[in-house]
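Subject: The two-chain model for you to look through

Hi,

Here is the model I promised to pass on to you. Have it open while you read, and my notes on it follow below.

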Amino acid sequence: MRTSHRESLAAWAFAAPALIVIALFFGVPVFAGLALSLTDFDIYALADIGNLRWQGWNNYVHVLSLPLFWQALGNTAYFVVLGVPLSIALSLAAAVLLQSKLVRFKPLLRTALFAPVVTTLVAVAVIWRYLFHVKYGLVNYTLQHFGVDPIDWLGDPHWSMPTIIGFAAWKNFGGNMIIFIAALQAVPHDLYEAARLDGARSWAQFRHITVPNIAPTLLMVAILTTAGYFQLFAEPYVMTQGGPLQSTVSVLYLMYDEGFKWWNLGLASAVAFVLFVIIVAVSKGLIVLQRRLTGEGA
Amino acid sequence: MRRRSLLTVAGAAALSGCARDSGTTSLRFWAMGREAEVAAELIAGFEREHPNVRVKVEKLPWTAAHEKLLTAFAGDASPDLAQVGNTWLPEMQALGALEPLQPWIDRTPMLQAADYFTGIWATNAPGGQRVGLPWYVDTRLLFVRQDLLAKAGIAQIPQDWVTWRTALAKLREHGMATPLLLPTNEFEPLLALALQQPSEVLREGGRFGNFASDDFRRALGFYAERLQLGDAPGLTNNQVANVWQEFGRGTFAFYISGPWNIGEFKRRLPTELNNAWTTAELPGPTGLGASIAGGASLAMFKRSRHKPEAWALISYLSRPDVQQMFYRLTGDLPPRRSVWAMPLEGGGTLAEDRHAAAFFRQFERVRPTPAVPEWERIANEMQLAAARVVGGRDSIDVAVRALDARVDGILEKRRWMLDKS
């Protein structure tokens, strides 16, 4: 009894530095943010803390009643629903391609495909803005050769989000590709041999051997990518500033605008917590979905 | 633990670096864009006159300046003095970040309020407290291709909305598809039209929006009509790839823009067009109209520990000869009438200059924007509402009512603050 007590004390002592750091640099800011989200902290309060008013849940009610919030949520959902599958499909395709025996210069290709991940977003976004410029962009120039009228990629509210999705997918697929390559290398070769003996074509092999074997990786990548894509910010910030007609305002962009452009830190914190709840709910949903799918499969 | 003590040492070193006083004072001056580049040249003269003061100009991009100023105040890292956009002054004043300048101005006989354009002077005193000194001024008016007007049989540059409408229709009849360029991503053109109306944009001392008023409806109606009739293309500034080239080609005959474009047009238009274009005051509902009192001011921060030196720099930059040099370097127009009357190198005065003269007359007829800290955001909302009308998503009636509701919401805290005191 006594020794176990002493042991647990020792364990706490060893864990204490890490716990203190987490409490100090994670716990305190999160609770401060939560407290902030229940007030109307703004420039008046910054000038004199006496101008701070307790809002309770009003901020949350206000956020949920903002048309712009729902538009931002819609834009973000659009980005996630289209962007996540596209990004995962791209990375999986690239990974399978790099595993294939038909491809040469693998290390070079791997580096080239991974390059967008490690380049600076702002620098690349500037180049993309040139590529997609309505008059001088290479994309419209190429399309014109096929008789397609120029499209205002970043200035037309219908095209701005698809362009941003394309940019994000291109920028991010390399990271997931590396994870998929690692997962693919772990799939036993004899499974493919057996399948080939049974006469399975490459698509059947992919469908019935590759996908089931990398399913856990696929789920993890899906969760990470979804959580990441919900936090869409830098791409619209650099490329469109939320425009045109607020078609690329994401939830995080709304938070930034409220917080740092208009200095309504209380409301901005409320937006942040709403986004947090959404991300948790969606991630949980994905895990439940995966459990149900694998449960049925077994 | 060791890391922390290292940090403290570094912090102490940084602090002592600021405080170390070997007879010279170091001033931090925040400026934006082109003004920041030029400030260095102006400051050489100041440092010669004040050998014991060194000025460090820190350059901010315009797009981030507003946030930086606010964050600097929140983080207790504000500079000694800064260039502040006129419309930001109420916000900085509400924060209590700025030093009231009236006592300093009273001690400087060189600075006479009467010498400044009245509308501009008024923008620098939000809530009756003067916190900024105008550095350069800015407004919006018409850039006109006179030759194209003459070709279409329009003898005179329009001076009111009625003749302007007719002129635009005539130009379209003569084959010009969109005779007016009205950038849709800026709120300034619409705001200028709104300021031409007799009533205020915000009512009851900035407590409520006044957008559902007949006056604003008239301004928005005129604005939306231009875009819906096809007088103006529904394009943003960025979408017109090369405004100067298109203006030179005669794609449009009117362009609502500001003083910076005088220099750009002079530089970029072919020489044979030198006498083909000019600037003109903004037409109003009945006769020549008002426009926006824009520009930037110099402001001193309350937390500055070198206020006398900072004030010396502000008054140096406001001196007529320095102001004229500033104009020569940037093309920024001076806020003091005396500078407009000073002889220029090439002969004549600025007020007589072919392209600047209309600005001089317009500055006598500018109206300040409402001096509320929330203004920037309200202007943004106004532009979004206008875009919805132009895009056909809302009728004017729905748009102005929704806008008033939004603006009243934004001003809620301000009303509470005003009622409390």
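Domain bounds, which you will need in a moment, come from an automatic or database domain assignment. This is a predicted model, where local features need pLDDT of at least 70, side-chain atom pairs count only at pLDDT 80 or more, and totals for chains, interfaces and linings use all residues. Residues are numbered from 1 along each chain as its sequence is written, while chains are lettered from A and ligands numbered from 1 in the order in which they are written.

**Confidence**

pLDDT is the predictor's confidence in each residue, from 0 to 100. Chain B averages 88, and 93% of its residues score at least 70. Be careful with residues 1–20 of chain B, though: their pLDDT is below 50, and beyond near neighbours in sequence this stretch has 0 contacts in the model. (Two residues are in contact if their C-beta atoms, placed from the backbone, lie within 7 Å.) For the complex, the predictor gives an ipTM of 0.73 and a pTM of 0.80.

**The domains of chain B**

Chain B splits into domain 1 (26–138 + 294–365) and domain 2 (141–292 + 391–420). Their C-alpha centres are 27 Å apart. Where they touch, domain 1 of chain B supplies 12 residues and domain 2 of chain B supplies 15. Which helix gives the most to the domain 1 side? That is α16 (residues 357–363) of chain B, with 4 residues. Helices (H or I, at least four residues) and strands (E, at least two) are DSSP runs, numbered from the N terminus.

**The sheets of chain B**

Two strands pair if DSSP finds at least two bridges between them. One open sheet of chain B has 5 strands in the order β2-β1-β3-β12-β4, with mixed pairing. β2 (53–60) and β4 (133–138) of chain B are at its edges with a single partner strand each, so one side of each has no neighbour in the sheet. β4(B) pairs with β12 (residues 294–300) of chain B in the antiparallel sense, over 5 bridges. Within that pairing, Asp138(B) has Gly294(B) in β12(B) as its bridge partner.

Another open sheet of chain B has 4 strands, ordered β6-β9-β5-β10, and its pairing is mixed too. Its edge strands are β6 (180–181) and β10 (277–280) of chain B. Strands β5 (residues 141–145) and β9 (residues 254–257) of chain B run antiparallel and are joined by 4 bridges. Here Val144(B) stands opposite Phe254(B) of β9(B).

**A helix pair in chain A**

Helices α4 (residues 67–99) and α11 (residues 215–230) of chain A pack at an angle of about 145 degrees, with axes 9 Å apart. Axes are lines fitted to C-alpha atoms, for helices over the stretch in contact, and angles run from 0 to 180 degrees between N-to-C directions. Among the residues making this contact are Phe79(A) and Val80(A) of α4(A), and Tyr229(A) and Phe230(A) of α11(A). The contact residues divide into 8 nonpolar, 5 polar and no charged. (Ala, Val, Leu, Ile, Met, Phe, Trp, Tyr, Cys and Pro count as nonpolar, Asp, Glu, Lys and Arg as charged, and the others, Gly among them, as polar.)

**Where the chains meet**

How many residues of each chain take part? 17 residues of chain A are in contact with 15 residues of chain B. On the chain A side, α2(A) gives the most, with 4 residues. That side divides into 10 nonpolar, 2 polar and 5 charged residues.

Enjoy exploring!
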